[in-house]
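Subject: A structure for you to explore

Hello! Here is the structure I promised to pass on to you. Have a look around it first, and then read my notes below.

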Amino acid sequence: MSITPKSAYRRILLKLSGEALMGEEGFGIDPKVLDRMAQEIKELVELGVQVGVVIGGGNLFRGEGLAQAGMNRVVGDHMGMLATVMNGLAMRDALHRVFVNARLMSAIPLNGVCDDYNWAEAISLLKSGRVVIFAAGTGNPFFTTDSAACLRGIEIEADAVLKGTKVDGVYSDDPVKNPDAKLMTSLSYQEVLEKELKVMDLAAFTLARDHSLPIRVFNMNKPGALKRVVMGEQEGTLIDHQEQLS
Ligand SMILES: Nc1ncnc2c1ncn2[C@@H]1O[C@H](COP(=O)(O)OP(=O)(O)O)[C@@H](O)[C@H]1O
Ligand SMILES: O=c1ccn([C@@H]2O[C@H](COP(=O)(O)OP(=O)(O)O)[C@@H](O)[C@H]2O)c(=O)[nH]1
């Protein structure tokens with residue numbers, strides 16, 4: 001499959017939060033949202049972009065929330081990771097229904113349900129135009145799927161992590177709480193840390209910074225935004241080593 005000259009990326013790691021899959025519902029998966037996302041991923045594949053996906057589980061279970069309710073944190077995190085596998089199964093199914101060849105790899109072996117995570121196989125599948133969904137996060141408790149997105153992004157040598165979220169990008173302050181918050185088009189890793197802007201948890205963010213993996217934050221609920229990001233159009237916020245360019 002050839003790369004369309006217009007696409008800004010050869011290979012991406014798309015991070016989809018579990019909450020994004022929930023749509024307007026309070027829990028679970030909204031089939032309309034799932035199908036729209038599958039369609040948007042299909043458009044990228046048709047452009048010749050290699051797409052790895054890390055999927056969250058916050059629409060079902062989060063270890064932290066379960067621990068607050070009294071559960072052992074490690075067990076809660078195991079449930080959270082299995083929640084990401086359920087979302088991954090739903091996403092793989094939605095992609096198959098729109099005729100996109102997709103594979104699901106889990107960091108926790110689940111024989112008969114999906115493939116085990118395998119780095120070399122994932123790269124080979126991406127090169128042959130398959131979408132690879134990485135589920136079960138890093139496979140370890142006390143991490144997040146943002147950490148898994150940066151980890152897998154670095155492993156597969158993605159050009160960037162594209163983090164789909166509920167707002168238009170990174171703002172000068174929380175846009176939900178402060179209506180005067182300004183959308184930033186680009187930031188350096190250092191600025192994000194100094195201004196304590198909420199992009200990702202620190203473990204995920206510093207991993208990306210230390211391996212010079214650019215992060216693009218954009219609104220996954222805005223139809224077409226993902227494609228615009230991939231086409232190199234101004235959309236959301238880019239975070240990279242800007243200070244080295246100036
Ligand atoms: N400086 C900021 N820029 C953008 N969003 C912010 C900022 N500070 C806090 N937020 C909040 O972070 C939320 C997105 O966080 P995120 O971890 O991406 O959510 P999720 O992954 O659960 O969708 C936004 O809904 C917004 O309210
Ligand atoms: O490497 C990982 C990734 C995820 N989780 C667990 O899985 C849950 C769901 O992931 P996350 O909260 O990152 O999902 P999202 O916010 O993207 O929906 C987390 O709360 C953790 O409990 C984990 O233990 N290790």
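Helix α4 gives the most residues to the shell around ligand 2, namely six. Here, helices (H or I, at least four residues) and strands (E, at least two) are DSSP runs, numbered from the N terminus.

Before going on, please keep in mind that this is a predicted model: local features need pLDDT of at least 70, side-chain atom pairs count only at pLDDT 80 or more, and totals for chains, interfaces and linings use all residues. Residues are numbered from 1 along each chain as its sequence is written, while chains are lettered from A and ligands numbered from 1 in the order in which they are written.

**The two ligands**

Around ligand 2 there are 24 residues, and G56, G58, G63, G80 and G137 come nearest. The elements giving two or more residues to this shell are α1 (18-22), α3 (63-68), α4 (73-97) and α6 (145-155). A residue is near a molecule if its C-beta atom, placed from the backbone, lies within 6 Å of it. By class, the shell of ligand 2 has 15 polar, five nonpolar and four charged residues. In this scheme Ala, Val, Leu, Ile, Met, Phe, Trp, Tyr, Cys and Pro count as nonpolar, Asp, Glu, Lys and Arg as charged, and the others, Gly among them, as polar.

Ligand 1 has 15 residues around it, of which S17, T165, D174, V176 and K198 come nearest. Its shell holds seven nonpolar, five charged and three polar residues.

**The whole protein**

The protein has nine helices and nine strands. For its 246 residues, a compact globule would have a radius of gyration near 18 Å, and the value of 17 Å agrees with that. The radius is taken over C-alpha atoms, and the globule rule is 2.2 Å times the number of residues to the power 0.38. Buried residues make up 44% of the 246. A residue is buried if 20 or more other C-beta atoms lie within 10 Å of its own, exposed if 12 or fewer, and partly exposed in between, with C-beta atoms placed from the backbone.

**The sheet**

In what order do the strands of the open sheet run? The order is β4-β3-β5-β2-β1-β6-β8-β9-β7, with mixed pairing. At the edges are β4 (115-116) and β7 (186-188), each of which pairs on one side only. Two strands pair if DSSP finds at least two bridges between them.

Strand β2 (residues 50-55) is mostly covered, with six of its six residues buried. Q50, G52 and V54 point one way from β2, and V51, V53 and I55 point the other way. In a regular strand the side chains alternate between the two faces of the sheet. β2 pairs in the parallel sense with β1 (residues 11-16) over six bridges, and L13 stands opposite G52. Three bridges also join β2 to the parallel strand β5 (residues 131-135), where I133 is the bridge partner of V53.

Further along, β6 and β8 (residues 215-219) are parallel over five bridges. By contrast, β8 and β9 run antiparallel, joined by three bridges, with R216 opposite L238.

**A covered helix**

Nine of the eleven residues of α6 are buried, so this helix is largely enclosed by the rest of the structure. What covers those buried residues includes β1, β2, α4, β5, β6 (160-165) and α8 (202-210).

**What the UniProt record says**

An unreviewed UniProt entry places the feature "binding site" at K15, L16, S17, G18, G58, R62, T165, Y171 and D174. They span 160 residues in sequence and the farthest two C-alpha atoms are 25.3 Å apart, so they do not all gather at one spot. UniProt positions are given in the numbering used here, feature names are shortened, and annotations may be inferred rather than shown by experiment.

Is L16 buried or exposed? L16 counts as buried because it has 28 C-beta neighbours inside 10 Å. D174, found in the loop between β6 and β7, counts as exposed because it has 11 such neighbours inside 10 Å. Leaving aside neighbours within four places in sequence, D174 is in contact (C-beta atoms, placed from the backbone, within 7 Å) with A181 and K198.

Enjoy exploring!

Definitions and conventions
Contact = placed C-beta atoms within 7 Å.
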